[in-house]
Amino acid sequence: MQLREADWRDLAMMAALEREIFPDDAWSEATMWAELAMRPRRAYLVADDGVGGSSLVGYAGLDLAGDVADVMTVAVDPRARGRGLGAALLAGLHGLARDAGSRAVMLEVRADNEPAVGLYGAHGYEVLRTRRGYYGDPAGGPARDALIMRKELDENG
Ligand SMILES: CC(C)(COP(=O)(O)OP(=O)(O)OC[C@H]1O[C@@H](n2cnc3c(N)ncnc32)[C@H](O)[C@@H]1OP(=O)(O)O)[C@@H](O)C(=O)NCCC(=O)NCCS
């Protein structure tokens with residue numbers, strides 16, 4: 001598996017994965033083009049299995065917003081989970097943030113997203129605060145809480 005910076009040739013596969021992983025609120029391919037167009041303020045990495053040319057199994061993005069960077073997204077193909085790809089993508093983002101001079105990274109995640117909260121917790125993120133009822137349910141179900149998490153960057157992690 002290779003971790004590399006995303007380019008426009010990856011966008012169709014990223015958008016297809018996005019629709020599968022986030023069926024209710026997927027970013028469109030046009031939104032992803034706009035994200036890449038914001039480089040170097042934004043940085044996107046893809047995990048490429050390289051089987052039969054290029055085969056994306058995950059992607060992650062960062063907003064390099066000065067001394068505190070924001071994780072925009074981390075997503076791994078459901079068929080490739082539990083193999084360390086999410087951790088590798090996150091570590092890649094941390095390296096990019098550090099190289100850009102950030103001293104911390106922040107993100108927002110649904111409190112009931114156990115795999116993601118587990119991933120972030122295992123990589124040094126701490127909960128700064130909870131935003132109660134932040135994620136409304138279009139189907140009328142109960143709203144879900146968001147966790148705002150933050151990790152200090154140092155030379156090790
Ligand atoms: C969150 C996600 C990226 C994790 O990807 P992954 O490649 O399966 O994660 P990894 O294999 O690298 O796991 C790394 C660590 O994350 C945590 N983790 C991963 N899956 C977990 C789960 N189902 N429950 C709890 N913790 C989990 C563990 O700490 C794990 O370390 P360990 O394997 O040593 O126990 C993946 O589940 C995903 O794409 N989810 C849907 C998209 C999403 O919700 N993204 C976050 C939006 S904020």
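Colleague: How do the residues of the shell around the ligand divide into nonpolar, polar and charged?

Modeller: Bear in mind that this is a predicted model. The shell splits into 13 nonpolar, five polar and four charged residues.

Colleague: Which residues are the closest to the ligand?

Modeller: Val74, Val76, Gly82, Gly86 and Asn113 are the closest. In total, 22 residues surround the ligand.

Colleague: How much of the ligand does the protein cover?

Modeller: The protein covers 67% of the ligand's accessible area, which is 930 Å² for the ligand on its own.

Colleague: Which elements give two or more residues to that shell?

Modeller: Strand 4 (68-76), helix 3 (85-99), strand 5 (104-110) and helix 4 (114-122). Helix 4 has the largest share, with seven residues.

Colleague: Now the pocket. What takes up the space of the largest pocket?

Modeller: The ligand does. The volume of that pocket is about 1400 Å³.

Colleague: How many residues line the largest pocket, and which are the closest to its centre?

Modeller: 40 residues line it. Phe22, Val74, Val109, Arg110 and Asn113 are the closest to the centre. By class, the lining has 24 nonpolar, six polar and 10 charged residues.

Colleague: Which element gives the most to the lining of that pocket?

Modeller: Strand 4, with seven residues. Other elements that each supply at least two include helix 1 (11-21), strand 6 (126-135) and strand 7 (144-152).

Colleague: Switching topic. Is the peptide bond from Arg39 to Pro40 cis or trans?

Modeller: Cis, with omega near 10 degrees. In general, most peptide bonds are trans.

Colleague: Where is Pro40 placed?

Modeller: Pro40 is in the loop between helix 2 (29-37) and strand 2 (42-48).

Colleague: Which residues line the largest cavity?

Modeller: The lining is Leu11, Met14, Glu18, Trp27, Met32, Glu35, Leu36, Tyr44, Tyr59 and Thr73. Helix 1 and helix 2 are the elements that give two or more residues to that lining.

Colleague: And by class, what does the lining of that cavity have?

Modeller: Seven nonpolar residues, one polar and two charged.

Terms used
Residues are numbered from 1 along each chain as its sequence is written. This is a predicted model: local features need pLDDT of at least 70, side-chain atom pairs count only at pLDDT 80 or more; totals for chains, interfaces and linings use all residues. Side-chain values use heavy atoms; hydrogens and water are left out. A residue is near a molecule or strand if one of its heavy atoms lies within 4 Å of it. Accessible areas come from the Shrake-Rupley method with a 1.4 Å probe; for residues, only the protein chains shown count as cover. On a 1 Å grid over the protein atoms alone, a cavity is a set of points where a 1.4 Å probe fits but cannot get out, and a pocket is an open set with protein on both sides within 12 Å along at least five of seven lines; lining residues have an atom within 4 Å of a point. A molecule sits in a cavity or pocket if more than half of its atoms lie within 2 Å of its grid points. Helices (H or I, at least four residues) and strands (E, at least two) are DSSP runs, numbered from the N terminus. Ala, Val, Leu, Ile, Met, Phe, Trp, Tyr, Cys and Pro count as nonpolar, Asp, Glu, Lys and Arg as charged, and the others, Gly among them, as polar. Grid points are joined across faces, edges and corners, and a volume is the space filled by probe spheres set on the points.
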